[in-house]
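Thank you all for making time for this.

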Amino acid sequence: MIEVLRAGALTTVQDQGRPGWAHLGVPRSGALDPAALRLANRLVGNDEHAAGLEITVTGCTLRFTRAVAVALTGAPADVVVEWRAGSAQRRPGDVGRPLALPAGAVLRVGPARAGVRTWLAVSGGIAVEPVLGSRATDTLSGLGPPPLRDGDRLPVGTPAGPPAPVDLAVTRPVPDELRLTVRPGPRQDWFTPEALDVLCRTAYTVSPDSNRVGARLAGAAVTRAVAGELLSEGLVLGAVQVPPDGRPLVFLADHPTTGGYPVIGVVDDVTPLAQARPGTTVTFHGPQR
């Protein structure tokens, strides 16, 4: 078992998500950076679809009741292993490197020094009950286990293989500015002819109102040419929806499957937004020809 001593601001169980259920109103969910979680799983010898933890900004503290291997990827953070809570026996760890923990060890993951999210894999994976084929926490629909709270206990599965024989794995750096490729969306006719140019010429910043559902952006308003609202229609990962205030919203892993605001474009890869703190600069550009 894993005992949660300090859950942090938002720590959730995540895997590669539950694709194929959008027709029932269920988004894919899963890790906001799927590759980072896959890497963490490889480092501890797990199948890439094993469930781990997505830790947001403030870190967390966990106790392991059996000997395990763990690995962290994503945002850099200070990592300390204690032989027991409050013990003077401790050693530092590294993001991007497998760590062997004895039974009873306490893992302290500090606040992210840059970026937002760190992913933790445990040998054997987090073995909570799957829902629709996935163990992922969906913060919008409520499917999957709830976000972790202090005092929670999480089951751990049987290890599938030994940890990877590496000293350190290179993880994706956290950029100071994001440049996202956007393709025209299905409702360009609801916007003025220059609206897409405005979107691509503006340096937006990530709003504090952002979460796993979507990244809200502050900056120049995108002007609509059609008043009123649409009937609800399908939404996909990366859809750039424009509410009445004209400020774009980029949908992320826990996005709704339908919405009534027009979509001006679709971002090719939203993974960089997983590490975008409030105030991060975001610019858009069209696909390279």
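What you see is a predicted model, in which local features need pLDDT of at least 70 and side-chain atom pairs count only at pLDDT 80 or more, whereas totals for chains, interfaces and linings use all residues. Residues are numbered from 1 along each chain as its sequence is written, and side-chain values use heavy atoms, with hydrogens and water left out.

Let us start with the nonpolar cores, a nonpolar core being a set of buried Ala, Val, Leu, Ile, Met, Phe, Trp, Tyr and Cys residues joined through side-chain atoms within 4.5 Å. Buried here means under 20% relative accessible area, exposed means over 50%, and partly exposed is in between, using a 1.4 Å probe and protein chains only. The largest nonpolar core has 31 residues, and among those with the most contacts inside it are Val-222, Ile-264 and Phe-284. The elements that give two or more residues to this core include α1 (34-43), β12 (177-184) and β20 (281-285), and β12 provides the largest share, three residues. Helices (H or I, at least four residues) and strands (E, at least two) are DSSP runs, numbered from the N terminus. Apart from this core lies another, of 29 residues, among them Phe-64, Val-68, Val-79 and Val-122.

Which residues does Ile-264 touch, leaving aside its neighbours within four places in sequence? With contact meaning heavy atoms within 4.5 Å, the partners of Ile-264 include Arg-183, Phe-191, Leu-199, Val-222 and Val-242.

Now please look at α1, where Ala-36, Leu-37, Leu-39, Ala-40, Asn-41 and Leu-43 are buried. The buried residues of α1 pack against β2 (10-14), β3 (52-56), β5 (68-74) and β10 (117-122). After α1 comes Gly-45, whose phi is positive, near 85°.

Next come the aromatic rings. A pair of such rings is described by the distance of the centres and the angle of the planes. Rings of Phe, Tyr and Trp (its six-membered ring) pair if their centres lie within 6.5 Å, and planes under 30 degrees apart count as stacked, over 60 as edge-to-face and the rest as tilted. The whole structure holds one aromatic pair. In this pair, Tyr-204 and Phe-284 have ring centres 6.1 Å apart and planes at 70°, so the pair is edge-to-face. Because Tyr-204 lies in strand β13 and Phe-284 in strand β20, the pair ties together parts that are 80 residues apart in sequence. Both Tyr-204 and Phe-284 are buried.

Finally, the charged pairs. A salt bridge is a side-chain nitrogen of Lys or Arg within 4 Å of a carboxyl oxygen of Asp or Glu, and by this rule the count comes to twelve. Arg-113 forms a salt bridge with Asp-78, with the closest N and O atoms 2.8 Å apart. This pair links distant parts of the chain, since Arg-113 is in the loop between β9 (106-112) and β10 while Asp-78 is in strand β6 (residues 77-82), 35 residues apart. Arg-113 counts as exposed, at 52% relative accessibility.

Arg-187 and Glu-233 also meet in a salt bridge (2.9 Å, N to O). Arg-187 is partly exposed at 23% relative accessibility, and Glu-233 is partly exposed at 22%. Salt bridges that share partners join Glu-54, Arg-117, Arg-212 and Asp-254 into one network.
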